[in-house]
Amino acid sequence: MVELVIDNKISNTSIDDPLAPPCMTAGAMEGSKPYVAAPEHNEKLGFPGELVDGWQEKAIARMGEIARTNRAFKVYLDTCIKCGACTDKCHYYLGSGDPKNMPVARQDLLRAVYRRYFTFAGKYFPKLVGAVDLTREVLDDWYSYYHQCSQCRRCAVFCPVGIDTAEISMAARDIMDHIGMGQKYCNEIIGKVMDIGNNLGLNEKALKATMEDLEEDIEDETGVAVRIPVDEKGADILLITPSADFFAEPHIDGLIGYAKVFHAAGVSWTVSSYASEAANFGLFIGSQENTAILCKRIQKAAKDLGVKRIIFGECGHAWRVAYNFLNTLGGPFDFLDQNYPIPQHILEFTWDQIECGNLNLDKSRNDKFRLTFHDSCNVARASRMGDMPGGQFEIPRNVIKAVCNNYFEMPEETIKEKTLCCGGGGGLLTDDLMDIRKKGASPRMHAMQQVEQDHGVNHLVAICAICKTQFAKMLPEFGFERDAILSIHQLVSNAIILEGQIDEDDDDDDIDEIPEPPGASATGVGS
Amino acid sequence: MAYELNGATIEADEEGYITDLSVWNQDLAKLIAEDENIDMNDEHWEVVNFLRDYYEEYQIAPAVRVLIKAVKKSMGKDKGNNKYLYTLFPYGPAKQACKIAGLPKPTGCV
């Protein structure tokens, strides 16, 4: 890391403490509700089309079923000691001040109903133990506030008894799906994966055309024919990456980075048009059945293409699902080469290539950036990389430091296992939830303003498709440029020099059009 | 929701994307654009027409990078970038331009 003198350092201005407790306002976010899924979206996933008759009994029955089959869920509902440690740990509470966004209060929305129907005290003395009937009002509260949780698990890090609100939020959404009250954004998307293979609805013809177009771009820029193969039978590696990597900015620059790394490593690889999605929204709605259906597509694609390895691209919850459930829900993968991790993360692959000295890297090509890294919540708190504890924190940082000179950490309480969610995770990355997305992003954005002030940081790096899209939308709200969000593999792509590379003229290079740091305009915005 | 155009009611989803893509015409595009506070000029039309042509071929909107490349080709290097597309369509070229072009909303982590 190289410390430079910062000319544009902003002094004598105060940045909001990213973790400062908010001014509490009861009911501040009770009007925040995502669109309800259409009947065809629910039915495709095996749920009733719309709110069913007798939904109370059916919801309670489903809750009982989850409590019987998911020990964690029951323990989480039974063991809260109301110590208050979690109350100020949720980014949505910090950003909104709505007390129902305190993790304990969010859990209690479900816990109160669980107590009423499944505990002795709640059945006979409900008022004494805060047990409530499942009424329409309660259901509406569930729909609102369980869609203000990104299932990021930050609260669980601080809970002395280890209660994971994410599990409760997933169960709540599963119960609502079972009575026909699904969320449009998640359910429509899962249906698209079943029909077409990815969240976007990007069909095989369009995928192949887009990848050919990218190959041309890379060759124009470098003079090297780097391939992005689609459905190539017999390739060694199947890359499973979020479909946003085929479509959105800045995601697609990360895809180019993966392609360059594979090219430089000399391995054969392919993407699949059948399993062209890493993201698995089945997790967000707590549906093991739907999560498994999407995992199984990956197994089928791997078999059909005859690959030996599976590598996942940059996607937070995709890696959470892949790391924890791909083998159990999508396996067996006994047909793959057992000498490699199943599955493997692209950063594990790239870091290994860097350690082996297989990549020719020129860090100075990223000197225009002053960078900080946003640990994506699902990678940080629900997975691992490499073979040592904390590998999911170290490997991304190792790669960043191998490809750039100017790297700085955000405040310690906001990184690694204590990282703040981007505000758009867990099925909340939809336009109808923009208000809560902005409020949830504010703690992370204030942490970034802090390193902007202290170190002149002008760009944020992330390894999750949701984080990248969310920040591209949020950064301008907090005084930064829209393109101040980068993928790690975009940095790798900039730094790597391929064999035979001839750089095109600089004046046609977007990398040279980096805006100046936002300066004083960043302060006091969005507070 | 729905749009009212020349006495006809044109169905749209909650977010204003028309549900029957075949009913699209330029007057409807202008009406949707008005709702989005966009005054359609030649450059807006060029983007909208490109999106429609691409959709006809591929049944999906193009990647933003593909759109940028097309704009670069026709409007020049100064305008062939994401930033300029955002000045044309402040809510984002992918979603807002698709809505005006009468195409489905791009879904997923985008």
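What follows is a walk through a predicted model with chains A and B, from its domains to its helices and single residues. Residues are numbered from 1 along each chain as its sequence is written, while chains are lettered from A and ligands numbered from 1 in the order in which they are written. As the model is predicted, local features need pLDDT of at least 70 and side-chain atom pairs count only at pLDDT 80 or more, whereas totals for chains, interfaces and linings use all residues.

Chain A is assigned two stretches, domain 1 (48–181) and domain 2 (190–522), with bounds that come from an automatic or database domain assignment. Their C-alpha centres lie 32 Å apart. Where they meet, domain 1 of chain A puts in 19 residues and domain 2 of chain A puts in 21; two residues are in contact if their C-beta atoms, placed from the backbone, lie within 7 Å. On the domain 1 side, α4 (91–96), α8 (154–158) and α9 (165–178) of chain A supply at least two residues each. Helices here are DSSP runs (H or I, at least four residues), numbered from the N terminus.

Turning to the two chains, 31 residues of chain A are in contact with 17 residues of chain B. At least two residues each come from α10 (184–196), α11 (204–222) and α19 (465–474) of chain A, and α11(A) gives the most, with five. Sorted by class, the chain A side of this contact has 16 nonpolar, six polar and nine charged residues.

The largest nonpolar core holds 181 residues, and A:Phe247, A:Ile400 and B:Leu51 touch the most other members. Such a core is a set of buried Ala, Val, Leu, Ile, Met, Phe, Trp, Tyr and Cys residues joined through C-beta atoms within 7 Å. A residue is buried if 20 or more other C-beta atoms lie within 10 Å of its own, exposed if 12 or fewer, and partly exposed in between, with C-beta atoms placed from the backbone. Helix α12 (residues 251–265) of chain A gives the most to the core, with eight residues. Leaving aside neighbours within four places in sequence, A:Phe247 is in contact with A:Leu200, A:Leu202 and A:Ile252, and also with B:Ala63, B:Val64, B:Pro106 and B:Val110.

In chain B, helix α5 (residues 93–100) is mostly covered, with seven of its eight residues buried. Those buried residues pack against α1 (26–35), α2 (42–58), α3 (64–75) and α4 (82–88) of chain B. Just after α5(B), B:Gly102 takes a positive phi of about 75°.

A:Asp140 lies in helix α7 (residues 136–145) of chain A and is partly exposed, with 13 other C-beta atoms within 10 Å. The C-alpha atoms of A:Asp140 and A:Lys33 are separated by 8.8 Å, though these residues are 107 residues apart along the chain.

Note on methods: Ala, Val, Leu, Ile, Met, Phe, Trp, Tyr, Cys and Pro count as nonpolar, Asp, Glu, Lys and Arg as charged, and the others, Gly among them, as polar.
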